[in-house]
Amino acid sequence: MDNCLFCKIVDKKIPASVVYEDENMLCFKDINPSAPVHLLLIPKTHVDSLAHTQPKHETLLGKMMLKVPQIATDAGLTNGFKTKINTGKGGGQEVFHLHIHILGTPA
Ligand code: 5GP
Ligand code: ZN
């Protein structure tokens, strides 16, 4: 989608520190981390927010959630981690391309 920051990161038009990528999703370091490890996992396809997901996204969402523990472990978060999805302005969402925050401190 034009003018979407995270779509531009997917398209490599804006650089990001990528830690995981496959055909469906991209994970990169948050530019303003609020924990020693702060990653953002996004679908490569544009979806505004969790509130904009549809039944057609069921498999994609499942794949993303199943990938989170592997990404967290690979980032050194072997003792646990937090996940967060801000949804809508009232939910604190600032970038309107669905993303899962993965946060923690390496063990
Ligand atoms: P939200 O508040 O929408 O859930 O979170 C958006 C996140 O995106 C914030 O934690 C913010 O630091 C991060 N962010 C904003 N712009 C950029 C950017 O250009 N690059 C990266 N890597 N992260 C960004
Ligand atoms: Zn987008």
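Two strands are said to pair if DSSP finds at least two bridges between them. All views below show a predicted model.

**Figure 1. Overall architecture of the chain.** The chain holds 2 helices and 5 strands, and from the N terminus on these elements follow the order α-β-β-β-α-β-β. The C-alpha atoms occupy a box of roughly 40 × 30 × 30 Å along the principal axes. The radius of gyration is 13 Å, which agrees with the value near 13 Å for a compact globule of 107 residues. Buried residues account for 21% of the 107 residues in the chain. An unreviewed UniProt entry lists "domain: HIT" for residues 5–107. This span is 22% helix and 23% strand, and its end C-alpha atoms are 32 Å apart.

**Figure 2. Strand S3 and its pairing partners.** Strand S3 comprises residues 37–43 and is mostly covered, with 5 of its 7 residues buried. Strand S2, residues 25–29, pairs with S3 in the antiparallel sense over 5 bridges. S3 also pairs with S5 in the antiparallel sense, again over 5 bridges.

Figure 3. UniProt, in an unreviewed entry, places the feature "active site" at His99. This residue belongs to the loop between strand S4 (82–84) and strand S5 (100–104). Is His99 buried or exposed? His99 is buried because 25 other C-beta atoms lie within 10 Å, and the cut-off for a buried residue is 20 or more. Leaving out residues up to four places away in sequence, His99 touches Phe6, Leu40, Leu41 and Ile42.

**Figure 4. The shell around ligand 1.** The ligand is surrounded by 13 residues, of which the closest are Ile31, Asn32, Asn86, Glu94 and Val95. How does this shell divide into nonpolar, polar and charged residues? The shell around ligand 1 holds 6 nonpolar, 4 polar and 3 charged residues.

**Figure 5. Tyr20 in strand S1.** Tyr20 is a residue of strand S1. With 15 other C-beta atoms within 10 Å, Tyr20 is partly exposed. This count falls between the limits of 12 or fewer for exposed residues and 20 or more for buried ones. When neighbours within four places in sequence are set aside, Tyr20 is in contact with Cys27 and Ile71. The C-alpha atoms of Tyr20 and Lys82 are separated by 18 Å, and the two residues are 62 residues apart along the chain.

**Figure 6. Two residues with positive phi.** Most residues other than glycine have a negative phi. Asn3 has a phi near 65°, a positive value in a residue other than glycine. Lys12, likewise not a glycine, has a positive phi of about 65°. Where in the chain is Asn3 found? Asn3 is in the segment before helix H1 (5–10), whereas Lys12 is in the loop between H1 and strand S1 (18–21). Asn3 counts as exposed because it has 6 C-beta neighbours inside 10 Å. Lys12 also counts as exposed, with 10 C-beta neighbours inside 10 Å. Both counts meet the limit of 12 or fewer for exposed residues.

**Figure 7. Gln54 in the loop between S3 and helix H2.** Gln54 is located in the loop that joins S3 to helix H2 (58–74). With 7 other C-beta atoms within 10 Å, Gln54 is exposed. Gln54 and Leu98 lie 44 residues apart in sequence, and the distance between their C-alpha atoms is 13 Å.

Notes:
Residues numbered from 1 in each chain as written. Chains lettered and ligands numbered in written order. Predicted model: local features only at pLDDT ≥ 70, side-chain atom pairs only at ≥ 80, totals over all residues. Near = placed C-beta within 6 Å. Nonpolar A, V, L, I, M, F, W, Y, C, P; charged D, E, K, R; others polar. UniProt positions renumbered as here; feature names shortened; annotations may be inferred. Helix = DSSP H or I, 4+ residues; strand = E, 2+ residues; numbered from the N terminus. Contact = placed C-beta atoms within 7 Å. Rg over C-alpha atoms; globule rule 2.2 N^0.38 Å.
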